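Have your viewer ready and your selection tool at hand. We will take a short walk through a few spots worth a click.

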Amino acid sequence: MDKKFILVMLLLLCMVQYVFSGITGKIVGKVTDTESGEPLVGANVFIKGTTMGAATDSNGDYLILNIPPGVYTLAASMIGNTTVNQTDVSVSVDHTVTVDFALPPTVIEGVEVTVVAERKVIKMDMSASQVSISASDVVELPNATSIEDVINLQVGLDFDPTTRGYDEQAEVTIRGGGRGQNSFMVDGLTMVDNRSNRPMMMVNLSSVKEINIIKGGFNAEYGNVRSGLINVVTKEGSSTAYNGSLELRMTPGHLKHAGESIFDPNSYYLRPYLDPAVCWNGTASGSWDEATQARYNSFMGWNEFANTLEGVTPQQARDIFIWQHRAEGSDDLGREAGSYGDKPDWIAEASFGGPVPFISKKLGGLNFFATHRTNNEQFALPTNRDYFTEQNSQLKLCTKITPSLKVTVEGVYGEIHTVQSAPRGSGMDAYMTSGMDILYSPIATGDDYVLGQNAALYYPSALNLFDIYRSMVGIAIDHVLSPRTFYNVRISRTRVKNLCTGPDRFRDNTTIRTFGDFAVDETPFGYQVGIETMFDGMSTTGEGSTRDYSEVNTVNVKFDITSQVNKYNQIKSGLEYNYDDLDVHYEHNQIGDAGNNWIVKWRRYPYRASMYIQDKLEFKGMIANVGLRADLNNPNSKAFVTDRYSMYFRKKFMDTFQDLAPYEDAKVRLKLSPRLGISHPITEDAKLYFNYGHFYSVPTSNEMFLIMKRAQGLSDIGNPNAELAKTVAYELGVEYSLLDMFLLHLSSYYKDVSEQLANIHYVGYDGGVNYWSRENNNYEDIRGFEAKIEKRFGAWVTGWVNYNYMVTTSGYIGRQTYYEDQRRQAQEGLMNPVQNRPLARPLARANITITSPNDFGPTVAGFNPAAGVRLDLLYIWRAGKYESIGDYRMWNKVGDVELIDDLQWKGRTTFDLRLRKKISYIKYDFSLYLDIANVFNIKYLEESGFADADDRTSYMRSLHLQRYNGDEFATKAEYEAMDCIAGDDKPGDVKSDDKPYIDMPDREFLTYLNPRTITFGLGINF
């Protein structure tokens, strides 16, 4: 056996690695003589403008490794033959590009032949579903202003803002996997908040060179990921010239919901108190009809209400109400009326790069690339801040110390300035993630004044200011040892700091003016201790409970080595060590209500290590990726070994639990993961691929280390001995190239998910022990089908269409609640275990692009108005959700809902549009564009419009559903006797001339949340 091969194998087997993402590609090919057809030995093949190249071997074969993604010109030369250039050679991450040359004999010295490289629609060496998005694609999608917006349009990925929990954030899911199952990497550096396992997607679009999304079949080099990996390669500056860009986007101020402003006298919460038709004598005695009375809150009227206040007339009582709610008309009383939706949303992003002045040539062509982005989104409802603001800055420095040694230093710094996510919420990372997020939060959707949900809608201090500071600094060393071997070193430090310290200021109770004998101050501004409400029951005190002082610092060291040991085998191996300093402190701290407060505070130092080895075998009829990796997770903490109902869980031991309860070192988990991916080219225009693997991810820090203290005692205990969640995944796919222009991608997948953590409740005999913990008893079976067809090349029309169908069966094994009392255990555990039904919600998207050539149309005074015009139309369709069994039971009049067919809501369709005109002048490219979201202003009913459960019940019972035609529970006549009329309605249908009987949600301003929005943009590139 070849000695070099043995040496490399021994070296690789001694190495370990955790996660190192490929960020380069490879070019291979053969050089022959055009006349004889014989291979040319010793021909030089090189990438123009770089130092990368190779010489052909005895078979005329060559290979060039470690090529950053991009479009290149490749040249081949040989003494006695004409030099041939091939342009438009596109290289992407982890992809092998084949470029063959045929060199004619030299006839005239110095003559070169230039041809356009053949563009392969199918990447034959990819054995998994991978999406590559180029920089040009990133900046052209309608209304895509961030990395999240771009990736959310890809098949298999989904983001639904309505899925957020009470004080949680909605998550991007990849093939059904959310937080803790996905990873995000930039230039091979992991950017994940290891406290919450949340990707830190703080990369500016102007810095993106390529985005790669792997949705399954990960090679052995990828770890701590079970569903999807998003890998971003960023741009580098030139060593010889300066270039940059500037983009400005502005959306004029507008209400981001339908209907009136909440400060409008006709809005839902104000109309009963300000409508002259009822406000004086009361809603029951005024001129409202019964339907209008049923829609709004009842009110006795100011004439009667004034009798409850001494020294105040009905007119003055109404004016106090206007003052405290900052309703329209406040200006006449000496207070500025409340407003929102009156300020523009805007984004400014700039980039600049090139050689570092004065020292570039002395330091190996040292260059830089810097970007900055500021995003300001006005909150869709009034709160303690006008804007959700996010700012990200990036700097990348690159130098080639020698032709074979490259060093890169890069840093990212970002700040988010927002507010807490719910009036009485304080979970981990409990903050709004956008200006629109507030429309899906309890301050808008809640219906319970007692819990302080939408009761605080007119109280800005209900939501504390929340700031997040994030940074990553890393150094990368890329060293080419030989034409066939190179290694990489990555060292990075990531930091995330949350800061939510409580109310920004307390209320000034100084009297501003009086209405009769009633004095008013600056209410509802400023925090006020205690319980205080306005005349309608709206709260003006006692909220602002979130506190968060958490910080995470992560140090990551990686080593990776790649060697093309022969024509058919590329072996890769490496190691990684990850160390976390998790300083967690968040709490619910409602001043003046200590009995309802709780605190989570701990500090841990877990670490992880992994290794992998993989081989990429490339033959003409098969490309295979075979690998094995090992993952080690050490919680580096103690695990309590008490009985489930131990006395140490009682309230009296709450503060001494960690000192007194017996414990042992937490278990170290070691997992082995086999990986296999095979790509089989069927013809030059088709391939079949299959992949299989075991994938693991570590539990979140809360799942391992949580210790929550409430006034009642310990309520939540983490489980550092938890197993790593496991996914065994299979995928089978096929790709066809149609007419060398269209790519058809079809894939099916199955994911067997086990050992996921779920909340388990333990209750002692007398209730003195009553807490939650985490156990590996949750499972899922995820099955899906994906289809995509795209046309990437064409003079006029390009575009893509994708479709995703997925069903999930999920549940848990065992019980969710365990009782020390065995009689209660037997009585209340009869429904365990639980399995959720598999219900599919297909999702389809399409983007059609029409672009006029740069020389199209007539020229007028040197200007060509019809040239360089691009129109993008983005279409999204999502099948409706299913009515839950719990909601079904609330309004269903007859029959067991367990036996009734699942009721699906109406699907949704949206259209977004971008119109862009590009103008080139000297070395500057100008782009003027117009983005229109929901271009046809299609309206869909949102459940947030329901004021309460009765309102929802009235709507659902007003529908004429198909099931009322008669089923096993009742005949059509029996249904009609219960006022259930048959028809073709679906939940989500709205009142119209054809359906005047539908009882619409009461809160009109929250019924439609997607109004048409117009954004203007200007871009400059040079």
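Start with asparagine 937, which sits in the loop between S49 and helix H13 (949-958). Keep in mind as you go that this is a predicted model. Check the backbone here: phi of asparagine 937 is near 55°, a positive value in a residue other than glycine. Most residues other than glycine have a negative phi. With 28% relative accessibility, asparagine 937 counts as partly exposed.

Next, select isoleucine 922, in the loop between strand S48 (908-921) and strand S49 (924-933). Its phi is also positive, about 55°, although isoleucine 922 is not a glycine. Is this residue buried or exposed? Isoleucine 922 counts as exposed because its relative accessibility is 72%.

Now jump to proline 524, in the loop between strand S27 (518-520) and strand S28 (546-548). Show the peptide bond joining threonine 523 to proline 524: it is cis, with omega about 20°.

Then select glutamate 415 in strand S23 (residues 405-419). Glutamate 415 is buried but has no salt bridge, and the nearest side chain of opposite charge, arginine 385, is 8.5 Å away.

Finish with the cavities, of which the whole structure has ten of 30 Å³ or more. To find it, select Asp94, Glu221, Gln570, Lys572 and Lys616, which lie nearest its centre among 32 lining residues. Strands giving two or more residues to that lining include S1 (25-33) and S30 (569-588).

Definitions and conventions:
Residues are numbered from 1 along each chain as its sequence is written. This is a predicted model: local features need pLDDT of at least 70, side-chain atom pairs count only at pLDDT 80 or more; totals for chains, interfaces and linings use all residues. Side-chain values use heavy atoms; hydrogens and water are left out. Helices (H or I, at least four residues) and strands (E, at least two) are DSSP runs, numbered from the N terminus. Buried means under 20% relative accessible area, exposed over 50%, partly exposed in between (1.4 Å probe, protein chains only). Lys and Arg count as positive and Asp and Glu as negative; His and the chain ends are not counted. A salt bridge is a side-chain nitrogen of Lys or Arg within 4 Å of a carboxyl oxygen of Asp or Glu. On a 1 Å grid over the protein atoms alone, a cavity is a set of points where a 1.4 Å probe fits but cannot get out, and a pocket is an open set with protein on both sides within 12 Å along at least five of seven lines; lining residues have an atom within 4 Å of a point. Grid points are joined across faces, edges and corners, and a volume is the space filled by probe spheres set on the points.
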